[in-house]
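Dear colleague,

Please find below the structure that I am handing over to you. My notes on it follow directly after.

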Amino acid sequence: MKNCSLKDYKNESEHCQLCSISKSRNKVVFGTGDEKANIMFIGEAPGETEDRIGQPFVGKAGEVFSDLLKIIGMSRSQIYLTNMVKCRPSNNRDPLPEEISACSKYLDAQLAIVMPQLIVPMGKFAVGKFFPGIALKDIHGKAKMEDDTVTFAMYHPAAALYNVNMKKILEEDMGRLKFVIQRFGV
Ligand code: URA
């Protein structure tokens, strides 16, 4: 779509049938926040609460995400927040490669329209898009600069729900992100 806005893509996504999870979704979870944000956070896929409400990170992982955001002193209205996949895979299974690939149409449009200076992929699927072939354990908390865009890899906030040590690692990485924001004047 030429010269399309985020709203156009959001409207289109609400009728999307590009992959099979469209059949079981309640709501498409397109993305929220500032369309002109300097920072875009990208998670994996909506969970049960997100599927019901239609907004990203509003369940248990969202509580962790909100705590982490406080470390960089930002609110959800100052960032743009979305997921690799806009519909909920049933039983919270991992999204399949064909689902990620079908849904990349929307994520790529969001990246092109918002044009964030700083992209923060969270979790192996989002990090895999920007750091292909690199294990998350080796890249989390690190940044790369490409074409004036900084990308900073993080574990997924939900990791803290299953492993208490992960909360500390996520907080430390968020501290590094704060440094990156200051260093690059984002
Ligand atoms: N996990 C995600 O990756 N995204 C959400 O929106 C919620 C949980």
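Strands E5 and E6 form a hairpin with 2 residues between them, and aspartate 147 in the turn has a positive phi of about 50°. Helices (H or I, at least four residues) and strands (E, at least two) are DSSP runs, numbered from the N terminus.

This is a predicted model, in which local features need pLDDT of at least 70 and side-chain atom pairs count only at pLDDT 80 or more, while totals for chains, interfaces and linings use all residues. Residues are numbered from 1 along each chain as its sequence is written, and side-chain values use heavy atoms, with hydrogens and water left out.

The sheet

Glutamate 146 has threonine 149 in E6 as its bridge partner, and alanine 143 stands opposite phenylalanine 152 in E6. E6 is also joined to strand E4 (residues 118-121) by 2 bridges, and these two strands run parallel. Here the bridge partner of isoleucine 119 is threonine 151 in E6.

These strands belong to an open sheet of 6 strands with mixed pairing, in the order E1-E3-E2-E4-E6-E5. Its edge strands are E1 (32-33) and E5 (143-146), each of which pairs on one side only.

The helix pair

The axes of helix H1 (residues 6-13) and helix H4 (residues 97-114) come within 10 Å and cross at roughly 170°. Axes are lines fitted to C-alpha atoms, for helices over the stretch in contact, and angles run from 0 to 180 degrees between N-to-C directions. H1 and H4 are therefore roughly antiparallel to each other, a term that applies to angles over 145 degrees. H1 contributes Leu6, Tyr9, Glu12 and Ser13 to the contact, and H4 contributes Lys105, Tyr106, Ala109, Gln110, Ile113 and Val114; contact means heavy atoms within 4.5 Å.

The ligand

Gly43, Glu44, Ala45, Glu50, Pro56, Phe57, Asn83 and His156 surround the ligand, each with a heavy atom within 4 Å of it. An oxygen atom of the ligand lies 2.7 Å from a backbone N or O atom of glutamate 44. A backbone N or O atom of alanine 45 is 3.1 Å from a nitrogen atom of the ligand. In asparagine 83, an N or O atom of the side chain lies 2.7 Å from a nitrogen atom of the ligand.

With kind regards

Technical notes
Two strands pair if DSSP finds at least two bridges between them. Angles under 35 degrees count as roughly parallel, over 145 as roughly antiparallel, 65 to 115 as roughly perpendicular and the rest as oblique. A polar contact is a pair of N or O atoms within 3.5 Å; within protein, one must be able to donate a hydrogen and the other to accept it, and residues adjacent in sequence count only if both atoms are side-chain atoms.
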